[in-house]
Structures are given as C-alpha cells and as structure tokens.
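Visitor: I should like to understand the reasoning behind the terms applied to this model. Please set each value against its criterion.

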Amino acid sequence: MKRIRQLGAAALIIAFCAGCSGVPPKEISAREVSIIKIIKPNYIPDFSGIVNEFSEINSDLQVRFVDAPLSTGERHQLYVSALSGKDESIDLYWINDEWTEEFAKEGYILPIDNEIPTDSGSYIIDAKEMFSYKNGLYALPIGLDMDFVFFRKDMIKQSPENWDEIIAQCRRSDLQLPLALCVENSDAQDMLCNIAEIKNSKGCSYSEALNIYKEIISDNIDADNMPIDYVSVFKTGNASMLIGNAAFWRKLNHNTSAVRGNVDMGRLPGEESSYIRGYGLAVNTNSKNKDAALRFLDFMNSKKSQENLSRECSVMPVIESLYDDDMIIDANPYIKNIKDIIKNMPAYKNLKISGEELKQAEEAIIKYFNNEETAENTGRTLEILLTKRKEN
C-alpha cells in the first residue's frame, strides 16, 4: 500500500465572473439580456435542452454554467468560500440536501417557499423536508442520487450480488487491468460513505469494512502518493468496475468515453447498503439576479422540466410518477426496479459529519491506510464519531 499523505489535496481554483445584470424583468429592454449563472458538480452535464427551451420563453434571460469539483468535500469548501465571501457572481447553487441547514443558518441562501409552489405529495420521498430549515424551503428539489456498481459488460456478465463477489473480482488476475475496481480515494466524507456502505452491506464491523476498503483502493494511488481520478480510470477502459453516483451513467456513455455502450450497472449489494441524497437549486442571497433566478426555478419546478433533467443528466427523478416513464427508463435503465427501494433507504445527511469531527475521521483513515494504526482502533474511532452525529 503506497503511503497517503493527504486527502483532497487538489487546489480549488474557479473564477466567478461578475457583472450580471440585476434589472427586474419588467424593466429590461428588448436589447438587454440578463445572464443567470448556475454552479453545479462537474459530473452533471449542462442541461442545454432545458436551458434552450427556457430561453425561448424568456428571451430576456440566458443561462450559463460553472463546473464545481467532483469531490463532495472540495465542492462544499468552494461553495462556503464563495458564499461566506459574499460573492454575487453565481445566482443559483446546485446543492446537496445535507448542506441545507448550514447554508440557511448562515444566510447564504434564500427561502423560496413563498415564491415557488411545490407539490410535496408528488415526490417519491419527502424531498421538500430535505431542503427545509425552520419550516422554510431553501432549495427547489430537482433530483436524487445514490451509489451504484458500474461494470464492464465484456468482462463481467452480471452485477455482483454481494461484496464477496466484488472482492473476488478485485483479486482476479486474468483481466489484464491495473485496477479491478475504482472507488473514491481522495475525499474523507465520500470515503466514509463508502466504508459505511460496505459495513451495512456485509453486516460487519467498521474494522472489517476498513480492511476490505484498504484492499480495494491499494492501487488507486500514483507514484507521487496522490489519489488517482477514479472516474477517468474507468472511463478510459482501465478498470472493470466503478462505484459511483447514478449521474455517472451519462458521463460514462459520452462520446469521449472509451467504454461507451459497454457499461452496465446495478445496485450495491445489501438492502440498506446505499444512502439516498437529494439535489436542489438554491438562490444565492447575494445574487443581483434574484428575480431572474426565481423565474428559472419556477420553470424547473414543472414535471416536464424534471423529466428532461433526468433524461439529459441521468439524475434520478424526485417526482414518483417519472419512475414509470418509458422515455426516462430508456435513457436510464437502472430506474426501472428501484422505485420501491428508494422509499426505505437511509438518508445520506444522517451519515454526514463536518468540522472537527470530519478532520478526526480523515486523520484516522490516513493513519490506518499508512499502517500507523490498526483497523480495530480506526473502526472504533469512526463508530464513535458517527454515533455522536446521529445523537446530535
């Protein structure tokens, strides 16, 4: 096992371009156009079809996208840095539901319940509750996500049914690939989620899950002791399996993917192995384009827009009826058999830890991977931290 020095070592550099018009829609002349800027994870494609339809109806508005890092921790750090610095260049933030309370409490994002009517009865789970704080709705629910196993159909005939099969696959020597399984190896929060998924799936202890995870990622560190871009490794054809978000489906089948058309996917083994996460669009408190941003949210609030988002970006729908939509199933085959499962899945935000506790978890994981601490002691540390999170 190569030595890991630091998780999430990549620098966070994104230029937020200012200067968007903040003139209310009624005062905009025929020649003036306001730009709505949306920041989103880089694994979510630009939903250009939706944007083009919006712009046809709203000729005074255009939409531009800014890509944020893949890593949950790096993306959160970038958002907090911009929002706490009162940056006004980004109008809408694509956020994870577990950040809602923090962002609302700090005044980073605006309540929208008096502006955007939502039909919580149409949601497959209580997505409205996911983005609420003190009875106020702070983001429009637009999708869900969870981890899946992606695999090469030419090497693996069907999705592994349990973790023993995944482990056995990783130990195969006949695949002639440097990596059998690609999995998050640089972000403490995402790694913690993967470890918990293994624990839940196998019904084992954290120490046993750590031993399995360590074996899986042992080759996911390069010669300079830096984590490898695990999605790119699979996308370029250098791995047989990948654990990642449902939204990766579109990325892995893009024209630039070496494995396009040769990828299949299945649920992680175990009834409660994965955690469900919500995605929402939130209005930046410091945006100069609040009215325009709200107009876009109102457009995104329709069933048609959310259907198109799922088809364009492989985002799991938040509206229950869309799980039976033939066009969505055709674009995202994995959707077909998970509707009933989603309703009973544990929420990712119940696993989330932050601040000093996350730092302690990161330090414990690094020490274990560097053979400076035992699996038993590290597992005990993680269990204490996560138990404390649940109690709070």
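Predicted model: local features only at pLDDT ≥ 70, side-chain atom pairs only at ≥ 80, totals over all residues.

Visitor: Why is the pair of Phe47 and Phe65 called edge-to-face?

Guide: A pair of aromatic rings is described by the distance of the centres and the angle of the planes. Rings pair if their centres lie within 6.5 Å, and planes over 60 degrees apart count as edge-to-face. The centres of Phe47 and Phe65 are 4.8 Å apart and their planes stand at 70°, so the pair is edge-to-face. A search of the whole structure finds 15 aromatic pairs.

Visitor: What makes this pair a tie between parts of the chain?

Guide: Phe47 belongs to the loop between β1 (34-41) and α1 (48-57), whereas Phe65 belongs to strand β2 (residues 61-68), so the pair ties together parts that are 18 residues apart in sequence.

Visitor: Is Phe47 called buried or exposed, and on what value?

Guide: Buried means under 20% relative accessible area. Phe47 has a relative accessible area of 0%, so the residue is buried.

Visitor: Which residues do ring pairs link into a cluster?

Guide: The cluster consists of Tyr79, Tyr93, Trp99, Phe103 and Tyr108, linked by ring pairs. Tyr79 is also one of the buried residues of α2.

Visitor: How do you know that the span of α2 agrees with expectation?

Guide: The expected span is 1.5 Å times one less than the number of residues. For the 13 residues of α2 this gives 18 Å, and the end C-alpha atoms are 18 Å apart, so the two agree. The buried residues of α2 include Thr72, Glu74, Arg75 and Leu78. The buried residues of α2 pack against β1, β2, β3, α3 (100-105), α6 and β11 (277-283).

Visitor: What makes helix α6 largely enclosed?

Guide: Twelve of the 15 residues of α6 are buried, so the helix is largely enclosed by the rest of the structure. Among them are Asp190, Met191, Cys193, Glu197 and Ser201. Helix α6 (residues 188-202) reaches 21 Å from its first C-alpha to its last, close to the 21 Å expected. Just after α6, Gly203 takes a positive phi of about 65°.

Visitor: Why is helix α7 also described as largely enclosed?

Guide: Eight of the eleven residues of α7 (residues 206-216) are buried, so this helix is largely enclosed by the rest of the structure. Tyr206, Leu210, Tyr213 and Lys214 are among the buried residues of α7.

Visitor: How do you know that the charged end of Lys199 sits over the ring of Tyr206?

Guide: The limits are 6 Å from the ring centre and 35 degrees from the ring normal. The charged end of Lys199 sits over the ring of Tyr206 at 5.0 Å from its centre. The charged end of Arg277 likewise sits over the ring of Tyr348, 3.8 Å from its centre.

Visitor: Why is Lys86 called exposed?

Guide: Exposed means over 50% relative accessible area. Lys86 has 58%, so the residue is exposed. Lys86 lies in the loop between α2 (72-84) and β3 (92-96), and its phi is near 60°, a positive value in a residue other than glycine.

Visitor: What makes Asn371 exposed?

Guide: The relative accessible area of Asn371 is 56%, so Asn371 is exposed. Asn371 lies in the loop between α14 (355-369) and α15 (375-391). Although not a glycine, Asn371 has a positive phi of about 60°.

Visitor: Which residues are in contact with Ala282, leaving aside its neighbours within four places in sequence?

Guide: Ala282 is in contact with Asp91, Leu92, Tyr93, Ile95, Ile109, Tyr138 and Ala139, its neighbours within four places in sequence left aside. Ala282 lies in strand β11 and has a relative accessible area of 0%, so the residue is buried. Ala282 and Leu140 are 142 residues apart in sequence and 6.6 Å apart in space, C-alpha to C-alpha.

Key
Residues numbered from 1 in each chain as written. Heavy atoms only, no water. Phe/Tyr/Trp six-rings, centres within 6.5 Å; stacked < 30°, edge-to-face > 60°. Helix = DSSP H or I, 4+ residues; strand = E, 2+ residues; numbered from the N terminus. Buried < 20%, exposed > 50% of the residue type's maximum accessible area, 1.4 Å probe, protein only. Contact = heavy atoms within 4.5 Å.
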